[in-house]
Structures are given as C-alpha cells and as structure tokens.
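Subject: Structure handover

Hello,

Here is the structure we talked about. Please open it and keep it beside this email while you read.

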Amino acid sequence: MAAWLVFKPAATWDVMNYLTQLEPDELVEIFLTNPPQDFTAWQLMSGVPAFAARFDLLTTADADFQQKIRHWPLFRWWQRFLQPLTCFIGTTVSEYALFTQQQSAQQLALEIKQNYGKKYPLLIVKDIPQQSPLLDTQANDYAATLIQSLQQQGFIAVEGQALAWVPIDFNDIDEYLSRLSYQRRKNFRRKLKTQSLIETGCLYSGDVCFQDEAVLDQYYQLYLNVYNQSEIHFDLLTREFFVRLLQDSSNQARIFTYHHQQQLIGYNICFVLNNMLVDKYIGFVYPQARELNLYYLSWFYNLDYARQHGLDFYVAGWTDPQVKASLGAQFTFTKHMVYVRNPVLRTLLAKISNRFEQDKTWQEANKQLKLDSKKHE
C-alpha cells in the first residue's frame, strides 16, 4: 500500500485504549474531527493519532538563536523554507502522544519511519513521556522503548516541554501556601485579595447555556483573547472545536467561570480522569483578568477543587514554567523524536538540537540558581 494511504481518516475515528492518555476519549475525537485551523488529522492503522501542519522551525528555538537567524541576509525572502509541511505523531489536545497496545514500540517506530519518513521533509513524534509520575509502569516502559527504537531508525532526540503538576497532599490552601517561601506567600496572599470581587461558578459541558450561539461566541472570543496575546501561535482551535467541546455532555468537562460585576471575565476548562484534574483551556477578558489576578485566582481555585473532590493530582499544562514553579508546581519532561528527510539538515539538527530545548535550559538554570543561593546562605 502506498505510504499516503496508510492512515485512517478522521471520519472513521476509533475509540482506543491509549496507554498514555490523561484526557477523555471525546477530546481526542473532537481533535480528529475538528482539528486546528489549517491542520489535517488522522489515525495510523494502529489507532495512534497524527496530524500535519506547516511548522515554523523557530517556534521552540531560544531567543538568542531566533534573533541571530532573523538577522541573516535576505531573511524575509527565504524564511518560508523554515516552515516545512510537517507530520506530527501525537495531538495538540493531549499532554502526551497517544500510544496503543495494538503493536509493540519497535513495530510502531518502524511504521512511522516507513510510512512518513520520506513523504514529509520533517517528521516529529511529539511529547513522549519520560518516566512520568502521572502514568503507570507499562506506559512509561513503552515510551522508553519507543524512544530507543526511534533513535535506531535515525530520529534525533530533542528535549520537550515541562509539564507542570501538583500532588494534592495538603489539607487546605493555607497549608499549601506554607510550603512556599515567605516572599511568595506574601505575594500570593496579596493577589488573592481580589477574590472577594469575583463570583466563581462551575458549569458542565452539555449545560443548556451552551446551546446559545451568543454564549458560544463569547467563550470562543475569550479563548482568542488568550491565543492572540501568546508568544507562540501554533494550533489555533476553531469555533467548531469549542462548540463540540462545550455541547458534548459525555466528555464531562468542568468549566470554572469567573464573573466581575456580572460580566464573564474568564473561564477555565478542565477534565477529571484517572483521579486527576487536568487543566486544558482558558479564556480571559483583558485588562480585567490581569487587574484582578485571575490567573492566580484560578490556580488556587483549581487546587482547592481537586482537594475537595479527593483527587490525587492537578495537571497544569505546558506553558509558563517559571510562573508555575513559583506557584509550587513540580515538572515532568517529554522528548520529541525528530526525523529530517534531508541527510545534510539531519546532521545539522543533531549538532544544534539544544537550541530548541528552552524548558530544559530553564530547568538547568533554575537548579544552578538554587545551588548558588544555598552556597551564600
């Protein structure tokens, strides 16, 4: 069979028992049937999700490297070559790439290389967990074997992002805050004073209010507000995606809402699965959200919700590791396995791959800062 035929289109989406899944099946289905703007999504024959999109190679590069590249002669004329059509094994709605038990890690690595290695100039198996505390031994062992198998197929390992998570092992927010430094406790208590100005609520996907087109427009616009002010623009979720997400009661999403003076100024969409609260999407109205410290209010609200419902972990997502570290988060890392079709460029990437590992660089710098601080105590 030709390589371009070896996939299952989204219309024939199969419910799978994924080893590395932290999200409900319905969220993966929505991604496959309503992928982000300008994305194409499908499943491999084994059921593993994949997608294709134009990918700006500078997206995850460090700022110094980006600046150097952008100042090269005639950059605006050849920058389009830095945005190749890329095949990704994984999704943008799951914390990890989703693997099944239908085939071994070695077989999956071979399938990926044979069917997509020559078709696309760039092939990335994204977000492979590295001994994640959020997964069981079987899932972590499969991921470790897959990384090794992909390396044997010529893939280059690039450190992925830092996934923030918090164990729910405290009796109340005061106890949680007591574990932070004095300065951070003081800062967060000051920010939390705006809590008295906010009315907090909890809706569920499928609630009748999400049949109202005006409400759907409002929720999508708040998502766009956050997307547009973000430094990284990659996966722009469509309005159809949000409609499916908010109207489908089977995914049991929790939508935490924040009102100020009877106006919706923010929301946070989370899921409960495997006794974890998994934080996925936020929407804000600016500048009110910043002025009222809504990001910090939502963090502590989510922690308290997880505590009150007897959950084990709060999974806080990939972005802003510096801020989440200050809020008391722990981190677990992934690997991206990258295959470049052009052998010359493949050799080049192997030499400069560390320029695309911002979160790992941040973690190492943060560790060194802590060591230096202890030396001066």
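Start with Lys191. It lies over the face of Tyr296, at 4.7 Å from the ring centre. The rule is that NZ of Lys or CZ of Arg is within 6 Å of the ring centre and within 35 degrees of the ring normal. Arg290 has its charged end over the ring of Tyr286, 4.2 Å from the centre.

A word on the source. This is a predicted model, where local features need pLDDT of at least 70, side-chain atom pairs count only at pLDDT 80 or more, and totals for chains, interfaces and linings use all residues. Residues are numbered from 1 along each chain as its sequence is written, and side-chain values use heavy atoms, with hydrogens and water left out.

Now the overall picture. The protein has 14 helices and 12 strands. These are DSSP runs, numbered from the N terminus: helices are H or I with at least four residues, strands E with at least two. Of the 377 residues, 53% are buried. Buried means under 20% relative accessible area, exposed over 50%, and partly exposed in between (1.4 Å probe, protein chains only).

Next, the aromatic rings. The whole structure holds 33 aromatic pairs. Rings of Phe, Tyr and Trp (its six-membered ring) pair if their centres lie within 6.5 Å; planes under 30 degrees apart are stacked, over 60 edge-to-face, the rest tilted. Phe51 and Phe234 make a tilted pair, 6.4 Å centre to centre with 50 degrees between the planes. They sit 183 residues apart: Phe51 in strand β3 (residues 49-54), Phe234 in the loop between α8 (213-229) and α9 (239-247). Phe51 is buried, at 0% relative accessible area. Phe210 and Tyr219 are edge-to-face, because their planes stand at 85 degrees, with centres 5.3 Å apart. Ring pairs also link Phe31, Phe39, Phe51, Phe55, Phe88 and Phe234 into a cluster.

Then look at helix α5 (residues 137-152). It has 16 residues and reaches 23 Å from first C-alpha to last, close to the 22 Å expected. That expected span is 1.5 Å times one less than the number of residues. Its buried residues include Ala139, Tyr142 and Leu146. Just after α5, Gly154 takes a positive phi of about 95 degrees.

Last, is Asn34 buried or exposed? Asn34 is buried, because its relative accessibility is 17%. It is found in the loop between α1 (25-33) and β2 (40-43).

Best wishes
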